[in-house]
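Colleague: Could you take me through a few features of this model and show me how each one is read?

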Amino acid sequence: MSVESLFPRLEPLLPKVQKPIQYVGGELNSTVKDWDEATVRWALMYPDAYEVGLPNQGVQILYEILNELPDTMAERTYAVWPDLEALMRAEGVPQFTVDAHRPVRAFDVLGVSFSTELGYTNLLTALDLAGIPLHAVDRTDDDPIVLAGGHAAFNPEPIADFLDAAVLGDGEQIAIAISEVIREWKNEGEPGGRDGVLLRLAETGGVYVPKFYDVEYLPDGRIKRVVPNRPGVPSRVFKHTVMDLDEWPYPKKPLVPLAETVHERFSVEIFRGCTRGCRFCQAGMITRPVRERSITVIGDMVANGIKESGFNEVGLLSLSSADHSEIAEVAKGLADRYEGTNTSLSLPSTRVDAFNIDLANEFSRNGRRSGLTFAPEGGSERMRKVINKMVTEEDLIRTVTTAYTQGWRQVKLYFMCGLPTEEDIDVLGIADLAKKVIKAGREATGSRDIRCTVSIGGFVPKPHTPFQWAAQCDHETVDRRLRELRNSLRNDKQYGKAIGFRYHDGKPSIVEGLLSRGDRRVGAVIKAVWADGGRFDGWSEHFSYERWMKASAEVGVDVDWFTTREREEHEVLPWDHLDAGLDREWLWQDWQDAVNDVEVEDCRWTPCYDCGVCPTMGTEIQIGPTGRKLLPLTVV
Amino acid sequence: MVQRLRVRYAKRGRLRFTSHRDISRALERAVRRAGIPVAYSAGFSPHPKISYAGAAPTGVASEAEYLEIGVSRACDPLRLRADLDASLPPGLDVLDVVEAHAGSLADRLEGSMWEVRLTGVDPAEAASAVTAFLAAARVDVERLTKKGLRAFDARQAVQTLTVAENADGTAGQEPIQSCVILRMVVRHETPAVRPDDVLMGLRLVAGLAPPSPPAVTRLAQGPLDAITGEPADPLEADRVGDHL
């Protein structure tokens with residue numbers, strides 16, 4: 001059965017909406033395959049606006065890999081803005097893919113990539129617009145399998161009722177494996193219907209099907225246990241880890257949109273994983289071990305990406321790009337190759353050391369030295385020990401001063417507020433640090449033309465980190481500390497004018513905290529918020545704290561219990577049956593070490609400290625150096 | 001920069017929803033992919049030397065958009081036409097490329113011919129609205145601009161305005177829906193009068209209110225011919241130069 005394009009019905013609505021180009025598709029390197037020739041059909045969704053979703057690497061990689069399979073196709077869909085949503089409802093136009101404008105409900109799988117929990121309400125909008133029942137148990141054989149991935153899928157419990165399945169970790173191989181399972185099931189005549197294929201997926205141990213697990217609660221509200229409710233379903237579900245990134249050099253054909261997006265560049269992931277051990281960092285915990293892409297494959301991917309896209313900027317992505325074992329050679333090699341071609345290179349690194357400045361200098365040979373970012377994260381030495389961000393005040397001041405003397409005029413310092421064990425003095429320490437930085441910078445350069453911007457994010461405890469047991473700081477305390485910090489900076493006559501201050505209020509962090517560490521009972525809150533008009537919660541102009549609090553009260557969910565309550569060691573956490581490879585006892589020990597200001601080294605350069613990931617997952621650290629060099633390109 | 005080339009291109013179909021900024025990004029990338037030796041401005045943030053003349057608004061299709069590219073190595077206009085067209089997404093189509101000679105391209109773009117298709121409008125009603133509009137000495141309309149609501153005369157810049165019923169009978173269209181086609185030649189003046197301003201004028205003078213969004217296409221722009229009043233080919237002067 002073929003599927004009609006919805007475009008003729010969508011087109012008359014487009015002149016009435018903002019930025020209509022985001023809905024028309026036709027990006028360079030996009031793929032439209034014949035519907036009838038594919039057996040397995042994926043709709044891939046990034047649950048935010050097109051301008052944010054289009055550049056997402058995860059979606060682009062899976063889109064390309066799935067479309068390379070001969071009998072599989074993938075199209076993309078994004079959250080539509082409320083102006084188009086209203087028109088689609090009025091005209092009865094369902095959620096569509098941007099590639100061929102096919103209705104999302106006609107696909108076999110709706111794969112949704114959650115980088116952040118704040119996309120949950122947008123999932124519900126998309127399901128509802130698609131005509132897919134919100135609750136998985138209400139779906140029929142005519143509905144797609146709604147599958148979540150991305151970092152937020154490491155605790156999918158708050159959206160468990162709305163999902164058919166979730167996968168943890170790297171998506172490349174598991175997306176192919178899922179396609180194979182679905183293809184076989186379809187070729188056999190879809191035995192067992194919807195539950196038949198979900199059971200096959202669950203039995204692999206690599207796909208979590210929430211409805212095959214029952215959650216039992218204790219009288220006090222804590223979880224008693226989570227157990228499979230049918231035979232063949234494993235009690236634990238494991239994450240996926242792609243080894244040897246050189247074998248997976250995607251994206252090979254980067255999508256180039258017509259519409260403006262948040263990242264107008266070609267990005268190459270130079271490694272995955274990070275073992276710096278920052279205790280607040282969920283990404284660093286759940287993507288272990290470190291797996292580097294080799295210098296030569298990075299060089300090939302950059303050359304190919306520029307040729308295929310026409311982008312004039314290349315970003316080298318990872319969780320801490322300056323830590324690649326051959327980053328100096330990569331930086332010099334690429335800077336040599338692209339000198340004089342008006343191609344700019346960027347390295348989003350926030351390491352606080354002189355090496356980071358050397359790299360930034362290499363990438364700015366044409367003389368543009370506008371801004372550098374460093375992330376000490378904690379305002380006091382004690383705080384930095386708690387979070388295992390090993391930077392001394394001396395290091396920081398020396399590094400920033402070096403940056404100023406080498407011609408960088410603007411330095412951004414990134415911190416967090418609301419960290420475990422934090423006191424007022426730890427946050428006020430940020431002001432002292434910033435003032436010292438400007439003082440030292442003025443002395444070293446003899447110039448008053450230097451600035452620093454202090455940028456602050458609210459800390460949210462995340463699953464699968466040592467802080468998963470921690471009490472989240474209430475927003476009143478966060479807001480008060482930030483106010484005092486702001487006053488301390490503003491009222492300083494000597495340095496105040498040279499220091500910028502950027503922060504957000506603490507309320508959104510509480511909602512993020514609820515969604516991060518919530519269990520299945522939080523799903524009712526999400527649904528109530530969505531029913532009350534909640535959309536695009538990652539956007540401050542759409543986010544409403546009051547709406548979340550009102551909905552929580554209505555459905556009887558105690559937000560404080562999920563956020564500001566400290567958990568004890570043996571409490572069953574909602575995600576304990578989902579395995580990122582981290583040894584729970586190690587995480588607990590690391591949490592105790594945090595409270596006692598004990599630091600832990602990076603296992604890339606020091607012996608293994610038994611976090612558990614490699615033996616559990618059968619993986620190993622893959623790093624260079626390879627000793628290879630980037631040769632000049634003959635044709636640029 | 002050793003040479004300037006003038007390009008006529010079309011913005012068709014779905015790509016009519018591109019904004020001017022979208023097009024300029026797409027062009028810069030297409031130029032890079034095609035390996036066209038575009039010249040760059042000097043300074044801290046060098047920009048490719050591509051300049052645009054009078055871009056059609058977002059949502060409006062065009063058969064006659066113009067830009068000028070400065071190159072650092074002499075290029076064959078025919079070759080550049082083929083390379084750039086192949087590199088641009090379908091719907092942004094290169095129609096003509098000439099080497100620039102004396103004179104400013106922007107100065108030659110004196111007026112545009114627009115086609116406006118109105119679905120579900122009664123032809124007789126449209127005709128009488130056009131008559132009323134043309135009979136008026138001035139028709140003050142308002143448009144929401146970035147600087148707020150602005151009022152101006154939409155009549156004076158309209159050189160010709162005609163109405164015809166769906167003549168070409170586009171194949172595959174629903175035959176029941178009647179389609180009225182307006183054609184107008186509008187001089188480029190300040191403040192600019194756009195087809196939607198004329199439509200607003202038709203609504204004000206005669207209550208013409210199309211039930212669905214109009215499909216607007218710029219058919220031509222260029223120097224206005226003294227006799228016909230229609231825009232002529234603005235690249236003709238450069239083509240003449242080629243033969244010298």
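Modeller: We can start with B:Val7, which lies in strand β1 (residues 3-11) of chain B, where strands (E, at least two residues) and helices (H or I, at least four) are DSSP runs numbered from the N terminus. This is a predicted model, in which local features need pLDDT of at least 70, side-chain atom pairs count only at pLDDT 80 or more, and totals for chains, interfaces and linings use all residues. Residues are numbered from 1 along each chain as its sequence is written, chains are lettered from A and ligands numbered from 1 in the order in which they are written, and side-chain values use heavy atoms, with hydrogens and water left out.

Colleague: Is B:Val7 buried or exposed?

Modeller: Buried means under 20% relative accessible area, exposed over 50%, and partly exposed in between (1.4 Å probe, protein chains only); B:Val7, at 1%, is buried. Leaving aside neighbours within four places in sequence, its contacts (heavy atoms within 4.5 Å) include B:Tyr66, B:Leu80 and B:Val94.

Colleague: Which residues are buried in helix α11 of chain A?

Modeller: In α11(A), residues 354-362, the buried ones are A:Asn356, A:Ile357, A:Leu359, A:Ala360 and A:Asn361. An α-helix has 3.6 residues a turn, so residues three or four places apart point the same way. The buried residues of α11(A) pack against α10 (327-337), β14 (371-377) and α13 (393-405) of chain A.

Colleague: Where do helices α6 and α7 of chain A make their contact?

Modeller: Among the residues involved are A:Ile178 and A:Trp185 of α6(A), together with A:Val197 and A:Leu201 of α7(A).
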